[in-house]
Amino acid sequence: MKNLSEKVNTLLFGGFLGVFALCGLLLPDKEFSEMENRTLEQTPQFSLSALFDGTYADQTETHLADQFVLRDASVAAKTAMETLVGRHEFNGVYLADGRLIERIDEPEEERLAANIQAVQNLGQGLEVPVTLALAPTAASVYADTLPKGAPSADQDALLSRIYDACGVQTVDLASALSAHKDEYIFYRTDHHWTSLGAYYGAEALLSSLGLEGKDLADLTPERVTEDFNGTLFSSSGVRTVQPDAIDLYVPQGKAQVESWRTGAPEEGTLYDLSYLEKKDKYSLFLGGNQPLCILRTGNPGGKLLLVRDSYADSLAPFLLDSFSEIHLFDARYFKQPLTSYVQQNDIDQVVLLFSLKNFLTDTDLQLVCK
């Protein structure tokens, strides 16, 4: 009887797997996983060379894993089980105190030295003031919540080292954020700061430039979603963290927005609310990554060049009252040397604004700081 029962269970399990495998073969490949926010492996092209060098087998294995029916549910179930047995790290993301925190590794020394040198070169090559503002990540602000013994770079030490060596004015964003760590300044499921975190970052930046921002009490936030699951939700596979809310503190019509996505100017918007219907909701700020975006306010004040990563997208609205123009320049996509851009556009101040992680890993800054 026992042998019969085992055989029946084996047949049922095999049939279960067979049905899912057949479904995977019959259904068309999915090109993109909204849940994981990444492109999925497509059916590999067969060739004798790929067969013999092993790449065909590797690609086939990845394809089957990516296209497995109910993959998203399987990933969620797997990480839930691992959480129950005490695991705290998932694909370089820590689950700590109800939030997902990206692990920050020690930098590659050669790259860090090159990026510091790039900032030095820019400061020496421009006649306008240059300021470096690096935002620590949640792994630094919430270091006391990380699992015991969890590997994580000492961001305070790295910031001190970079600021001491860069030769330009700097902004202490670390202290500004740490002072408000008990507030909602980082998303729980995403690596970015929230709009409130961006506000505190903007206040620290404006203060360092000798300018005054707005009192928080004078701003009325508008909550546009409470269903944001960000990049760390996607990459970790953890599905037990509460979704995030996104708040907007600055009204939509505060600036004329000019986007350069295709090499020509197009009318843009401070907030592209169509992204609220998509997985990548953070891209509602200015419509996401783009080579160049110019905000024209009509306000008194000079022209600011903000050399930036995506942290700047939610911070820029808080700077509108202080400048007539803000040029958001992304060195990942726009390769014009900054010295010529400053001259051609009569820029009055330059701010390099990045998350510390992006500064440590950036490979493009050296190309434009000439």
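In this predicted model, the largest cavity holds about 70 Å³ of space, and a search of the whole structure finds three cavities of 30 Å³ or more. The lining of the largest cavity is made up of Leu100, Ile101, Glu102, Thr137, Ala138, Phe186, Tyr187, Asp190, His191, Leu232 and Tyr311. Sorted by class, this lining has seven nonpolar, two polar and two charged residues, and strand E5 (residues 99–102) gives the most to it, with three residues.

The sheet is the next topic. Eight strands form an open sheet with mixed pairing, in the order E7-E6-E15-E13-E14-E12-E10-E11. At its edges are strand E7 (169–171) and strand E11 (266–267), each of which pairs on one side only. Helix H7 (residues 155–166) packs on this sheet, where it touches strand E6 (130–135) and E7, and its direction makes about 175 degrees with that of E6. Helix H9 (residues 195–208) also packs on the sheet, touching E6, E7 and E15, and its direction makes about 155 degrees with that of E7.

Strands of a sheet pair through backbone hydrogen bonds, either parallel or antiparallel.

| Strand pair | Sense | Bridges | Residues standing opposite |
|---|---|---|---|
| E13 (residues 303–308) and E15 (residues 349–355) | parallel | five | arginine 308 and leucine 353 |
| E10 (residues 256–260) and E12 | antiparallel | five | glutamate 258 and isoleucine 294 |
| E12 and E14 (residues 325–329) | antiparallel | five | arginine 296 and glutamate 325 |

Is valine 350 buried or exposed? Because buried means under 20% relative accessible area, valine 350, at 1% relative accessibility, counts as buried. Leaving aside its neighbours within four places in sequence, valine 350 is in contact with Leu122, Leu126, Val128, Pro129, Val130, Thr131, Leu305, Val307 and Val342. Valine 350 and lysine 303 lie 47 residues apart in sequence, while their C-alpha atoms are 8.8 Å apart in space.

Methods. Residues numbered from 1 in each chain as written. Predicted model: local features only at pLDDT ≥ 70, side-chain atom pairs only at ≥ 80, totals over all residues. Heavy atoms only, no water. Pairing = 2+ DSSP bridges. Helix = DSSP H or I, 4+ residues; strand = E, 2+ residues; numbered from the N terminus. Contact = heavy atoms within 4.5 Å. Axes fitted to C-alpha atoms, helices over the stretch in contact; angles between N-to-C directions. 1 Å grid on protein atoms, 1.4 Å probe; cavity = no way out; pocket = protein on both sides within 12 Å on 5 of 7 lines; lining within 4 Å. Points joined across faces, edges and corners; volume = space filled by probe spheres on them. Nonpolar A, V, L, I, M, F, W, Y, C, P; charged D, E, K, R; others polar. Buried < 20%, exposed > 50% of the residue type's maximum accessible area, 1.4 Å probe, protein only.
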